Amino acid sequence: MSDPKPAAPHAHGRATRWFVAVSAFLSIAIAAGSAYAFTQYQAASSVGTCDWAGCRASGRSDPGPSDAPQAVVGPCANDVCNYLLLGSDSRKGLSAAQVNEFGSDAAIGGSNRADTIMLVHTDPNLQKAIIVSFPRDLWVNIPGHGYDKINAAFEGGIEGGGPLLVAKTIHALTGLKINHYLYVDLAGFQGVVKTLGGVDMCIPPENVNTPGYVEGDKGAQIYYPEPGYIADPYTGLHIKPGCQTLPPDQALAYVRARHLRCDAAAPDFFRIARQQQFMRALITKLLQPDELLKLPGRIRPILSNMKRDPQLNPADLAYLVGQLRGISTGAAEFRAVPGYGAYEGGLAVVKMDPAANQIFRAIRQGKPLGDAGTVLANTPPSEANIVVPAVDHASGGKVNGVEQILADAGFDVAPGIVTYEAYGAKVNGSVIAYAPGHQVEAEVVKKYFPTLEVKEVKGLPDAVAVFVTSSYKPAPVGGGSTPVSCVDPNA
């Protein structure tokens, strides 16, 4: 895949904070932990560690037994484990040019805000990592503080007990206790992606801009003269659609974007869907044999870009990476807390859908999750939640290119390439086949294969499958660089 040549961002604005590459890396490492116990190494590095009450540099001490919260438990062993993943848009560590791009801490109202909150759960019985995203504006009861948006729980920041209060909030909401946490800011995110050598992604053309003004926050109007680009003036995103290797700055911009053309109905939910897509694509990449060989040596450089609790041992993660052979991308399961828009005290918030309790209950009881949390309101399903086998119908090798696009687009390609004879349904020609009731998933797949027909097939074993014959004519993803219709989640 070729590297993009993004132009410089055209505008600055209110930046949000995301660290999805870090989450993806960790979810890979601990996916094996659901099947293998941690080993106890003694050579733990203390670089970048913070206790639950704050960073060591702040002079704070670990919570004593009388202060230990019910929400936080000890390190993982051969048992279930919950990791709290926190991201902030603190500008600490950015160059002057980057501060000019993203804005200063003062310009965004301070650095102690966590708009990325994820819970990664592992269970030896499930042999999976479950990654649950919490919308930043979720209206929750913060213990000792009353109701507020969930990201307000991080008000104390990494040095002022923010992780502890978020852990208490998550525990009160879900009934799940937290074992470890990881935290990263903007500079740390870019450092992680740089360590990984960039991220291979296929970006569909649905959000391509047409020349003209783009409306930003508070009615701001920003002009984009160049046709054919996908751009967000508030994150610095400026890329062409298609398959490419995203460099650190554009990877960061992609997972932070919330002002794209198709985002209007639910910008934060669309952003969560793209984050999950990004994570799945990265997981699939890092599980390749040649990448697995590099992972043990990358763990310490990756962790050096983050803060973590001192009991999260790099040597333990290195051991887990060594157990990853044979693990597929399907070992990671993505969910988001479902909700709906509302207003509280003049604030636009997200109220939790009661269906979220099905997710929390299933995790606590170690049972399958079902479909709860796979689709958010007014938002098509994320690629990460769509399982797509590539069916080889005497394609003469063309199916390999199809599967590669599916993998780099962030679909769950755990089934791999399946022969036509072995697959449980017969379909003529090169088509995107879907089972009744799953047209919207098929339309998401079609964004990447514009020349393929979408066809309903009764009795299809999967929600969607791509059949590839020798007559298949590959077409570049977003080859025309022209806007296409946004996927209707109600299709």
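Buried residues make up 57% of the 491 residues in this protein chain, where buried means under 20% relative accessible area, exposed over 50%, and partly exposed in between, with a 1.4 Å probe and protein chains only. Before I go on, a word about what we have here: this is a predicted model, so local features need pLDDT of at least 70 and side-chain atom pairs count only at pLDDT 80 or more, while totals for chains, interfaces and linings use all residues. Residues are numbered from 1 along each chain as its sequence is written, and side-chain values use heavy atoms, with hydrogens and water left out.

Now the parts list. The protein chain has 11 helices and 23 strands; these are DSSP runs, H or I of at least four residues for helices and E of at least two for strands, numbered from the N terminus.

Strand S21, residues 431-434, pairs with S22 in the parallel sense over four bridges, and Ile 432 has Val 454 in S22 as its bridge partner.

Next, please find strand S16, residues 332-336. Five of its five residues are buried, so S16 is largely enclosed by the rest of the structure. In a regular strand the side chains alternate between the two faces of the sheet. In S16, Ala 332, Phe 334 and Ala 336 are on one side, Glu 333 and Arg 335 on the other, and both faces are covered. Strand S5, residues 128-133, pairs with S16 in the parallel sense over five bridges, with Glu 333 as the bridge partner of Ile 130. The side chains of Glu 333 and Arg 335 also meet in a salt bridge, 3.1 Å from N to O.

That brings me to salt bridges in general, meaning a side-chain nitrogen of Lys or Arg within 4 Å of a carboxyl oxygen of Asp or Glu. How many does a search of the whole structure find? The search finds 14. One of them joins the side chains of Arg 258 and Asp 268, at 3.1 Å from N to O. Arg 258 sits in the loop between helix H5 (248-256) and helix H6 (267-286), and Asp 268 in H6, so this pair ties together parts that are 10 residues apart in sequence. Arg 258 counts as buried at 15% relative accessibility, and Asp 268 does at 14%.

There is also a salt bridge between Arg 274 and Asp 263, with the closest N and O atoms 2.7 Å apart. Here Arg 274 is in H6 and Asp 263 in the loop between H5 and H6, so parts 11 residues apart in sequence are tied together. Arg 274 is buried at 7% relative accessibility, and Asp 263 is buried with a relative accessible area of 1%. Finally, salt bridges that share partners join Arg 136, Asp 137, Lys 149, Arg 258, Asp 268 and Arg 271 into one network.

Notes: Two strands pair if DSSP finds at least two bridges between them.
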